[in-house]
Amino acid sequence: MLANAYLHILDRLWQRHRLREKLGAHLVRYADDFVVLCKKGVEEPLKVVRHVLERLDLSLNEAKTHIVDANEASFDFLGLTIQMSRGAKSGKPYPNVRPSDKAVKKITVQLTELTKRELTCIPLGDVVANVNRSLRGWANYFHYRNSSDRMSKVRYHAEERLRTHLRKRYKVRNRMAGLVKFPRRDLYERYGLYKPPMEAGWKTAHASA
């Protein structure tokens, strides 16, 4: 909240001086994390950002500040990996936006922790409820644009983790026997596992200034 209140000045100056139009640079900010999308050169927008931050007695984190050509490489912002790609059929450029590797790693580690062997002593309904809470929250945030492939990987990991947990809980040692005893359909219909959607739920985002 403090970052939002303090850096709101940067947003206001960007709008008041119409820097988006003058510099061809669109500022996108959340708390103290922001990117500047430049149509023209990057030197002038970067100079302006540095100047405003200095006036606020702040400085850029040089270790996290990067200049990236999104046509050639990707960059991460708010847990998403963003890069310009071209449609396989149309050949037209489009922004490829998907959950970052770090975001996928974080949720898979969390799901593993929520289904570990030590938790077989607590009610199964509680285990599934905790898994669903984390999985639903993650999916609601990342269910955007080109997320299907990453969403599929997370959903598969959740299935495997719950099946492994059920095997440990009911003393089913053989993995193949576990696949037969706890098929995918039962994970959802009998045990109530949340199924993340695969199709993009929303394609654009807009927030009032």
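Is Ser 134 buried or exposed? In this predicted model, Ser 134 is buried, with a relative accessible area of 16%, because burial is assigned under 20%. The residue belongs to helix 5. Beyond its neighbours within four places in sequence, Ser 134 is in contact with Ile 107, Gln 110 and Leu 114.

The segment comprising residues 101–114 is helix 4, which contains 14 residues. From the first C-alpha to the last, helix 4 reaches 20 Å, close to the 20 Å expected at 1.5 Å a residue. Five positions are listed as its buried residues, namely Ala 103, Val 104, Ile 107, Thr 108 and Leu 111. Viewed down the axis of helix 4, these buried residues fall within an arc of 125°, and they therefore line one face of the helix. An α-helix has 3.6 residues a turn, so residues three or four places apart point the same way. The other side of helix 4 carries the exposed residues Asp 101, Lys 102, Lys 105 and Lys 106. The packing partners of the buried residues of helix 4 are strand 5 (93–99), helix 5 (124–142) and helix 6 (148–169).

Two of these partners, helix 5 and helix 6, also pack against each other. Two packed helices are described by the angle between their axes and the distance between the axes. For helix 5 and helix 6, the axes come within 12 Å and cross at roughly 175°. Helix 5 is therefore roughly antiparallel to helix 6, since angles over 145 degrees are classed in this way. On the side of helix 5, the contact involves Leu 124, Val 127, Val 128, Leu 135, Trp 138, Ala 139 and Phe 142. These residues meet Met 151, Val 154, Ala 158, Leu 162, His 165, Leu 166 and Arg 169 of helix 6. By class, the contact of helix 5 with helix 6 is made up of 12 nonpolar residues, one polar residue and one charged residue.

Backbone torsions in two loops were also examined. Most residues other than glycine have a negative phi, and most peptide bonds are trans. Arg 18, in the loop between helix 1 (2–16) and helix 2 (19–23), has a positive phi near 50°. The relative accessible area of Arg 18 is 48%, and the residue is accordingly partly exposed. A positive phi is also found at Ala 31, with a value near 55°. Ala 31 is located in the loop that lies between strand 1 (25–30) and strand 2 (33–38).

How values were computed: Residues numbered from 1 in each chain as written. Predicted model: local features only at pLDDT ≥ 70, side-chain atom pairs only at ≥ 80, totals over all residues. Heavy atoms only, no water. Helix = DSSP H or I, 4+ residues; strand = E, 2+ residues; numbered from the N terminus. Expected span 1.5 Å × (residues − 1). Buried < 20%, exposed > 50% of the residue type's maximum accessible area, 1.4 Å probe, protein only. Arc of directions from axis to C-beta. Contact = heavy atoms within 4.5 Å. Axes fitted to C-alpha atoms, helices over the stretch in contact; angles between N-to-C directions. Parallel < 35°, antiparallel > 145°, perpendicular 65-115°, else oblique. Nonpolar A, V, L, I, M, F, W, Y, C, P; charged D, E, K, R; others polar.
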